Structure formats: C-alpha cells, structure tokens
Amino acid sequence: MAEREEAGTAAMRSEGKLPQKLISENFQNESKRETICQSPTTPEKSSKLLSSLLAVNVVLLGAAFILSSIFNRASGRGTHVLILLMVLNGLTMGWMLFHQSTAHSVRHQDLHAGAIWLRGAVLLFGVCSIVLDIFKTGYFLQKSGGDRSVNVFYPIVEAIFISVQTYFLWFHSKGCTHVRRNIARCGLMLTVATDLVLWMNAETDDSIHLDFEIEEQTANNGSR
C-alpha cells in the first residue's frame, strides 16, 4: 500500500510539473514572437538609416552651395547652385519615372490618403510655379540677349520637374509600396530633400532681390 501511495504521489508531481513546463514554453514562444513582430529586421533599420542620411546630406550640400554663392559673388552668383539643382531635379525625375514604370506592382492603396482638396492645392501650386518659370525664362532670355546660359535653362528644367512631381503626387498619392521598399524610401527622401533645397534657394533669391531694391532706393534718395 505504501508503495502504491508513493507511486501515486510521484505521478501527481510529474503531472503537475508537465503543465508548468508547457506554460513556460508557450510564454517564451509568445514573447519571442512579440519581439520579432515589434522590432524591425536589420535590413529594414539599415535602409531607414541610409535614406535619412541621404536626405540630410543632400540638404546640407544644398545649404553649403547656397551660402557659398551668397558670400562669393565674384564667380557669378548662383551658377553652381543652379547646376546642383538641375542635377537633383534630374535624379528625382529619374526615380519618379522608374516608380511609374513599376506602378503595376503597387496593388494596395490607402483610401484615406490623398484627399481631393489636397491634390487640388498641389495642382494649383504646380500650375502657378510653371507659369512663374515661363516668365523667368522670358526675363533671362531678354536680359542675356539670346545667350544660352544656365539661368535660361534652369527654369525650363524646373518646370519639367514640377510637372512630373505634380503628376506623381496626383496619381500615386494613395499607393502603398510593398516591393522595392528600399529604393522607394530613398527616392521619397531624395524628393523631400530636393524640395527643401529648392525652397531655400527661392527664399534666398527673394531676400537678395529685396536687399538690392532697398539699396537702390536708398541710393536714389541720397542722390536727390
């Protein structure tokens, strides 16, 4: 009888330990799954870091060119900046055209993104910018006397870039990219950085023209 009781107690202890082991194993597996789902993989982290560094370097390079053109007016102000902007516009348009060629692979769309009023504002801004570039081209053609300089070619390149970007934002604002995510991420960051450099250049030109007008007004008032 004693042997039977001891065997029964041993069996009960083994049965009690077995569910505890199963519970602990299940808990460990669930925790591993949660950490895998929550933390991105190493290639995902590296692609995010690469796209961020690309955008920061492009913005810093553009800011350095703009500042150097302000303080070094002897070599013709803004020539190197316009060349840099044309290169950035060309690279960004190349990525947009590449994304357009692979648009068939984007099968998912976010129905809540790309509101009609937002796309309408982008379209209006694009049309006004293109009209301004047309006037700039005519002004520089008249000023240079038909000379084919960088100041004449840049508004044309900028108008083409704005047209392609407006088309891209109008037709691809709802797309969710699940393939070639690294290229798409770097291309989007390059586009944002290029727009920031364009904005900095436009603000700098407006400030310089305003300073020139103030200097001319003060010189005319002083001569009187």
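This is a predicted model: local features need pLDDT of at least 70, side-chain atom pairs count only at pLDDT 80 or more; totals for chains, interfaces and linings use all residues.
Leu-123 belongs to helix α4, which covers residues 116-144. Colour Leu-123 by accessibility next; its relative accessible area is 41%, so the residue is classed as partly exposed, the range for that class lying between 20% and 50%.

Now select Arg-119 together with Trp-170. The charged end of Arg-119 is placed over the Trp-170 ring, at 4.8 Å from the ring centre.

From there, turn to the aromatic pairs, of which a search of the whole structure finds three. Display Tyr-167 and Phe-171: their ring centres are 4.6 Å apart and their planes meet at 45 degrees, so this pair is tilted. The angle falls between the limits of 30 degrees for stacked and 60 degrees for edge-to-face rings. Both residues are found in helix α5 (residues 150-171), where a spacing of four residues separates Tyr-167 from Phe-171, about one turn of the helix. Is Tyr-167 buried, partly exposed or exposed? Its relative accessibility is 42%, so Tyr-167 counts as partly exposed.

Finish in helix α6, spanning residues 181-223, by selecting Thr-204. The relative accessibility of Thr-204 is 15%, and this residue therefore counts as buried, the cut-off being under 20%.

Methods
Residues are numbered from 1 along each chain as its sequence is written. Side-chain values use heavy atoms; hydrogens and water are left out. Rings of Phe, Tyr and Trp (its six-membered ring) pair if their centres lie within 6.5 Å; planes under 30 degrees apart count as stacked, over 60 as edge-to-face and the rest as tilted. Helices (H or I, at least four residues) and strands (E, at least two) are DSSP runs, numbered from the N terminus. Buried means under 20% relative accessible area, exposed over 50%, partly exposed in between (1.4 Å probe, protein chains only). A charge sits over a ring if NZ of Lys or CZ of Arg is within 6 Å of the ring centre and within 35 degrees of the ring normal.
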